Amino acid sequence: MSLKSERRGIHVDQSELLCKKGCGYYGNPAWQGFCSKCWREEYHKARQKQIQEDWELAERLQREEEEAFASSQSSQGAQSLTFSKFEEKKTNEKTRKVTTVKKFFSASSRVGSKKAEIQEPKAPSPSINRQTSIETDRVSKEFIEFLKTFHKTGQEIYKQTKMFLEGMHYKRFQDMSIEEQSECTQDFYQTVAERMQTRGKVPPERVEKIMDQIEKYIMIRLYKHVFCPETTDDEKKDLAIQKRIRALHWVTPQMLCVPVNEEIPEVSDMVVKAITDIIEMDSKRVPRDKLACITRCSKHIFNAIKVTKNEPASADDFLPTLIYIVLKGNPPRLQSNIQYITRFCNPSRLMTGEDGYYFTNLCCAVAFIEKLDAQSLNLSQEDFDRYMSGQTSPRKQEAESWSPDACLGVKQMYKNLDLLSQLHERQERIMSEAKKLEKDLIDWTDGIAREVQDIVEKYPLEIKPPSQPLAAIDSENVENDKLPPPLQPQVYAG
């Protein structure tokens, strides 16, 4: 909004609303009196200055470490400056700078009022904090020990990783969406990998190992912030797919054409292991570890098919079996885990290799379950609706198909279940016919009542007043006196 607004009849005190930088546009109190353009420039300058200071700090610490290492060579028993000390020094100075930058860019400093201060979220329980802290410390030590073998390249990687984590911390305060955080993470993966290949001349196989450790170190620290965040509908999707799988509990392997015979003990054990692996995926925090659970589950499925068919399994056999395993296991927070892997896993792992192939099949299995209908299972719509509503379930195994060594109690149980199912279906038919008859009677009664009402309206009943009394037949005959008397009966003795 410029000074030209006066021409439109707006009368304000321009000296109080102009941008501090004197660009001629109006400032905003939320931006410390700057206009939007100048505020972005100031923010960019402050950010560049902070990055430059971080680089200078890292270079100074690196020089100190090299000097300490050189001095340690002259005396026995002296130890070089370890990565832990390097991290401690850097963290101390970083904490001071982060506090200054946070005060400069916090909402309270922009608005100048206590009402605008952002309230910190409720802290988790102490037990969760202790558990997270222990795991974070362990992963940090492992990451530092791993990078020690790469010397100067390891120091550079550690410095970049720490800077990225601090940048993500700032972005969370800026209310960045989960998609934007995912994009930043993917860009960081790609930048680090390219820098190691071009500048460090690191072989591809070592680059892959380093990227796996970087992903583990980063995601352990960011897990509680980026897994199933409240700003997304991941939890809603989790509940929807869980409810859907529960409603499909009646689906049998035969309906999906699953080439797995669970009566074989070895195959049954593999199916149990596959279900265990797909459920265990939710307990992992690193995307690579979650993918490893999916891969182990898939390999158990391939082995179960191979044992059943006595030949190597094909892709056409694998996907229906994976769908059956998901239906039988109903993994917790399935959609959240898929979204987490998609957003924050190293893209090279998802685009190539067996992990990416198995993960793609899992996504296809979930999409099939969400859209599964009667046609997919070769069922009639009536049977599908009855199975989904729980009115009935598919028939169990017939008694003739049981092996001779099967338990008699199990046979009798399935026989009784079959009889109960038949009785239930018969009762349902009787109730349906009874309701239909009741409806027909009600309709017939209503029809008769309507017909009677129509007749009454068409031919209304009219009640006439009583007529005059009738006169004697011979009242108008003047010659009545001349008539002979009526005959009387004569009695003769006889």
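Buried denotes under 20% relative accessible area, exposed over 50%, and partly exposed the range in between (1.4 Å probe, protein chains only). The model is predicted: local features need pLDDT of at least 70, side-chain atom pairs count only at pLDDT 80 or more, and totals for chains, interfaces and linings use all residues. Residues are numbered from 1 along each chain as its sequence is written, and side-chain values use heavy atoms, with hydrogens and water left out.

**Figure 1. Overview of the chain in the predicted model.** The secondary structure comprises 18 helices and zero strands; helices (H or I, at least four residues) and strands (E, at least two) are DSSP runs, numbered from the N terminus. Of the 494 residues of the chain, 33% count as buried. Contacts are heavy atoms within 4.5 Å; among those between residues at least 6 apart in sequence, 68% join residues at least 24 apart. The chain exposes about 32700 Å², and carbon and sulfur atoms supply 54% of this area. Accessible areas come from the Shrake-Rupley method with a 1.4 Å probe, and for residues only the protein chains shown count as cover.

**Figure 2. Salt bridge between glutamate 262 and lysine 328.** The two side chains meet at 2.7 Å, N to O; a salt bridge requires a side-chain nitrogen of Lys or Arg within 4 Å of a carboxyl oxygen of Asp or Glu. Glutamate 262 lies in the loop between α10 and α11 (265-280) and lysine 328 in helix α13 (residues 315-329), so the pair ties together parts that are 66 residues apart in sequence. Glutamate 262 is partly exposed at 27% relative accessibility, and lysine 328 is partly exposed at 43%.

Figure 3. Arginine 349 is buried, with a relative accessible area of 14%. Its side chain forms a salt bridge with that of aspartate 212 (2.7 Å, N to O). This pair links distant parts of the chain, with aspartate 212 in helix α8 and arginine 349 in helix α15 (residues 347-351), 137 residues apart. Aspartate 212 is buried as well, with a relative accessible area of 12%. Arginine 349 also forms a salt bridge with aspartate 355, where the closest N and O atoms are 3.1 Å apart. Leaving aside neighbours within four places in sequence, arginine 349 is in contact with Glu208, Asp212, Arg288, Leu291, Asp355 and Gly356.

Figure 4. Aspartate 355 counts as buried at 14% relative accessibility. A polar contact of 2.5 Å joins its side chain to that of threonine 295. Polar contacts are pairs of N or O atoms within 3.5 Å; within protein, one must be able to donate a hydrogen and the other to accept it, and residues adjacent in sequence count only if both atoms are side-chain atoms. Apart from neighbours within four places in sequence, aspartate 355 is in contact with Leu291, Thr295 and Arg349.

**Figure 5. Network of salt bridges linking Asp277, Glu280, Lys284 and Arg296.** The count of salt bridges comes to 18.

**Figure 6. Aromatic pairs, including phenylalanine 227 with tyrosine 340.** A pair of aromatic rings is described by the distance of the centres and the angle of the planes. Rings of Phe, Tyr and Trp (its six-membered ring) pair if their centres lie within 6.5 Å; planes under 30 degrees apart count as stacked, over 60 as edge-to-face and the rest as tilted. By this rule there are 14 aromatic pairs. The rings of phenylalanine 227 and tyrosine 340 have centres 5.3 Å apart and planes at 75°, so this pair is edge-to-face. Phenylalanine 227 lies in the loop between α8 (204-226) and α9 (234-247) and tyrosine 340 in helix α14 (residues 334-344), so the pair ties together parts 113 residues apart in sequence. Phenylalanine 227 and tyrosine 340 are buried. The rings of tryptophan 250 and tyrosine 387 have centres 5.0 Å apart and planes at 50°, so this pair is tilted. Tryptophan 250 is in the loop between α9 and α10 (253-256) and tyrosine 387 in helix α17 (residues 381-389), 137 residues apart. Both tryptophan 250 and tyrosine 387 are buried. Ring pairs also link Tyr223, Phe227, Tyr340 and Phe344 into a cluster.
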